[in-house]
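The exercises below are to be worked through with the model open beside the text. Each task is followed by a solution that goes step by step.

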Amino acid sequence: MESSPLLAAQPIYDRKNRFYAVELLYRSAIHLSAETVGDTAATSEVVFNLCAGITEQTTQYDATAFINVSSDFLLSQSFLPIEPDKVVIELLETIKPTRAVVNAVARWHDKGFRFALDDFEFDPAWEPLLKYASYIKVDVSTVTVEQVRAFKKDLTSFNGKWLAERVEDEATKKAYEALGFELFQGYYFAKPEVIYGTRLEPSSLQLAKVLSLCFEKEPDLTELSKVISEDPKLSVSLLKIVNSPLYPTASPITRVKDVIMRLGIEKLRRWIALIGSVAASSQEASRMVLVRAQMCYELAKGQKNQGLDPDQCYFVGLLSGIDIMLGVDKKAFFEKLPLSPETQAAVNNLKGPMGQCLSIALKLERLIQMKQRLETIQPRLLSTYRSVSNNVQELFNTI
């Protein structure tokens, strides 16, 4: 799996040099700065890579994250797709604390988000934001200890934590400890560490999310409809399919929820897998994985094991080819999905009843692709495989 910079992380420590939190910083694979791409784009990129990036460097992902946010991002009312207790919003010194910004911060604060005033310069214009701040960060390279002592006396009403950033040596740390600072950040402790990994494209993530919802034992149709609607290409494709001659209906269907009701969950699963895989990979790779998945389904149907769910076997077949379809490492990708232990064992180790179905499907796939030892394959299995292949190809011809 090819890795590229996702972001950078610089630890924040307490008085006893214990790890407290981490500041996440923008990093570009093509070496663009946050100033070049713009604060709003940089914020979005950091958040997306934090939530969607696949990496083995997980320490930073588990800690409370300090994230720089621009005024445009604040005013957008988008909020962050992260639990508020996992993040601290840093208000950059470049932000102008207008009434609109203060109102936006108040709305975020009501949602449970905490704030840090970054590179705080003790400007009276920032006073309206103090009541929403949990942290004040002071760039100690731009002020003297005496200046900070004087400014700090004027802010005795502030009940949050003081954080000294750009601490370069022990003497500076001790000086700010004496002033009552509780948190510290800078090269004296650690330089920013670049976090490498694979950045999944939104289409790949959306496919994974939709498939996970589809293959739940009792899919939440309202939530599924909402998630599908968030992907315009998938929504349009499904609407075209359900209004095609394949599914004759008295009047055109225009809502995603009606698409789900018209197709039913089983057909919906097949179409989503097909549309998503074609969008994310080559047609040949998609066809191979979908045939494998359908073969797992047919094998499960033919067994007498009442506890073996054919739909879950189909899902296992799909997951087994996620590296082919999306070009990612399976093990790392699975960490992003809430998979059952049985599903993981089947995909990773071919264990359990579902793993046995996958094992047979993979063996058939290899023999038929290589045109080797076809005489050793049971005629019924060979016939089923060819029928499945033809059916999948017909679906491809439809979209």
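**Exercise 1.** In this predicted model, Asp311 forms a salt bridge with Arg269; determine how far apart the closest N and O atoms are, and which elements the pair links.

*Solution.* The closest N and O atoms of Asp311 and Arg269 are 2.8 Å apart. Finally, at the start of helix 15, a side-chain oxygen of Asp309 reaches to within 2.9 Å of the backbone nitrogen of Asp311. Helix 15 (residues 310–320) is itself largely enclosed by the rest of the structure, because eleven of its eleven residues are buried.

**Exercise 2.** Find which residue meets the side chain of Glu23 in a salt bridge, and decide whether Glu23 is buried or exposed.

*Solution.* The partner of Glu23 is Lys137, at 3.1 Å from N to O. Glu23 lies in strand 2 and Lys137 in strand 6 (residues 133–139), which places the two 114 residues apart in the chain. Glu23 counts as buried at 5% relative accessibility, and Lys137 is buried with a relative accessible area of 0%. The pair also takes part in a network of salt bridges that links Glu23, Glu90, Lys137 and Glu165. As for its surroundings, strand 2 (residues 19–25) is mostly covered, five of its seven residues being buried, and three bridges join it in parallel to strand 3 (residues 65–69), where Ile67 is the bridge partner of Leu24.

**Exercise 3.** Classify the ring pair formed by Phe184 and Phe189, and state what sits over the ring of Phe184.

*Solution.* Ten aromatic pairs are counted in the model. The ring centres of Phe184 and Phe189 are 6.4 Å apart and their planes stand at 35°, so the pair is tilted. Phe184 is buried at 0% relative accessible area, and Phe189 is buried at 19%. Over the ring of Phe184 sits the charged end of Lys173, 5.5 Å from the ring's centre.

Terms used:
Residues numbered from 1 in each chain as written. Predicted model: local features only at pLDDT ≥ 70, side-chain atom pairs only at ≥ 80, totals over all residues. Heavy atoms only, no water. Phe/Tyr/Trp six-rings, centres within 6.5 Å; stacked < 30°, edge-to-face > 60°. Buried < 20%, exposed > 50% of the residue type's maximum accessible area, 1.4 Å probe, protein only. Lys NZ or Arg CZ within 6 Å of the ring centre and 35° of its normal. Helix = DSSP H or I, 4+ residues; strand = E, 2+ residues; numbered from the N terminus. Polar contact = N/O pair within 3.5 Å; in protein donor to acceptor, adjacent residues only side chain to side chain. Pairing = 2+ DSSP bridges. Salt bridge = Lys/Arg side-chain N within 4 Å of Asp/Glu carboxyl O.
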